[in-house]
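Q: Could we go through this structure feature by feature, with the general idea given before each case?

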Amino acid sequence: MDRAWKPNATVAAVVERDGRFLFVEEETADGLRFNQPAGHLEEGESLVAAAVREALEETAHRFEPAFLVGVYQWQVPNGGVTYLRFAFGGSVVGGASDRKLDDGIVRAVWMTRDELGACADRHRSPLVLQCVDDWIAGRRYPLELIRHYPS
């Protein structure tokens with residue numbers, strides 16, 4: 001068994017307000033793509049703290065996670081990287097409009113599920129729409145499901 005393989009642990013923020021969901025439009029090797037505010041877990045960081053940080057860095061909105069929407073395992077086609085995504089649902093409370101967004105982030109944008117579905121060819125991964133559909137389906141798991149043991 002190859003012990004060197006490890007999935008990339010990532011987090012995402014799923015936020016709905018007035019029927020619209022918060023996304024980022026970001027530059028990728030494949031062109032401009034839509035994604036939830038999302039990113040990689042950093043060393044020593046809890047999953048919840050990572051979701052809060054990533055949302056702020058990518059959207060300038062302060063994210064308050066309230067529950068876990070789901071855990072997703074996805075491998076980029078043709079033997080690419082495997083991602084293990086923890087998607088958190090919650091709300092945004094204010095923002096820092098003068099804050100510079102992360103490199104590669106073009107803008108934060110609010111879209112309906114139908115608007116998102118209409119541009120599926122521009123999604124960063126199939127997880128983008130799946131997280132929204134899981135939110136709409138009412139998938140909400142308590143944050144207590146996740147335990148973090150700081151070092």
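Q: Where is the place of Asp 18?

A: A word on the source comes before the case. This is a predicted model, in which local features need pLDDT of at least 70 and side-chain atom pairs count only at pLDDT 80 or more, while totals for chains, interfaces and linings use all residues. Residues are numbered from 1 along each chain as its sequence is written, and side-chain values use heavy atoms, with hydrogens and water left out. Helices (H or I, at least four residues) and strands (E, at least two) are DSSP runs, numbered from the N terminus. On that basis, Asp 18 is placed in the loop between S1 and S2, and its phi is near 55°, a positive value in a residue other than glycine.

Q: Is Asp 18 buried or exposed, and is Ala 60 buried or exposed?

A: Buried means under 20% relative accessible area, exposed means over 50%, and partly exposed lies in between, with a 1.4 Å probe and protein chains only. Asp 18 counts as exposed because its relative accessibility is 75%. Ala 60 also has a positive phi, of about 65°, although it is not a glycine, and it lies in the loop between helix H1 (47-59) and S5; with a relative accessible area of 7%, however, Ala 60 is buried.

Q: In which sense do strands S1 and S6 pair, and over how many bridges?

A: Two strands pair if DSSP finds at least two bridges between them. Strand S1 (residues 8-17) and strand S6 (residues 82-95) are paired in the parallel sense, over eight bridges, and within this pairing Ala 12 stands opposite Ala 87 in S6. Strand S5 (residues 61-75) pairs with S6 in the antiparallel sense over twelve bridges, with Val 92 in S6 as the bridge partner of Phe 63. Six residues lie between the strands in the hairpin of S5 and S6, where Asn 78 takes a positive phi near 65°.

Q: With which residues is Thr 82 in contact, leaving aside its neighbours within four places in sequence?

A: Contact means heavy atoms within 4.5 Å. Thr 82 lies in strand S6 and counts as buried because its relative accessibility is 7%; beyond the neighbours set aside, it is in contact with Trp 5, Pro 7, Asn 8, Gln 73, Trp 74 and Gln 75. Glu 27, whose place is in strand S2, is exposed, with a relative accessible area of 53%. Not counting residues up to four places away in sequence, Glu 27 touches Leu 32, Gly 104 and Val 106, whereas its C-alpha atom is separated by 17 Å from that of Leu 116, 89 residues apart along the chain.

Q: How many residues of helix H3 are buried, and against which elements do they pack?

A: Helix H3 (residues 127-136) is mostly covered, since seven of its ten residues are buried, namely Leu 127, Val 128, Leu 129, Cys 131, Val 132, Asp 134 and Trp 135. These buried residues pack against S1, strand S2 (20-28), strand S3 (31-35), S5, S6 and helix H2 (113-118). Just after H3, Gly 138 takes a positive phi of about 90°.

Q: Which residues have the most contacts inside the largest nonpolar core?

A: A nonpolar core is a set of buried Ala, Val, Leu, Ile, Met, Phe, Trp, Tyr and Cys residues joined through side-chain atoms within 4.5 Å. The largest one has 21 residues, and those with the most contacts inside it are Val 14, Phe 23, Val 69, Ala 87 and Leu 116. At least two residues of this core come from each of S1, S2, S5, strand S7 (105-111) and H3, and H3 supplies the largest share, six residues. Apart from this core lies another, of 14 residues, among them Ala 13, Val 15, Leu 22 and Phe 86.

Q: What is the volume of the largest pocket, and which element gives the most to its lining?

A: Rolling a probe the size of a water molecule over the atoms shows where empty space is left. On a 1 Å grid over the protein atoms alone, a pocket is an open set of points where a 1.4 Å probe fits, with protein on both sides within 12 Å along at least five of seven lines, and lining residues have an atom within 4 Å of a point. Grid points are joined across faces, edges and corners, and a volume is the space filled by probe spheres set on the points. The largest pocket has a volume of about 460 Å³, and of the 21 residues that line it, the closest to its centre are Asn 35, Trp 74, Tyr 83, Arg 124 and Ser 125. S4 gives the most to this lining, with three residues.
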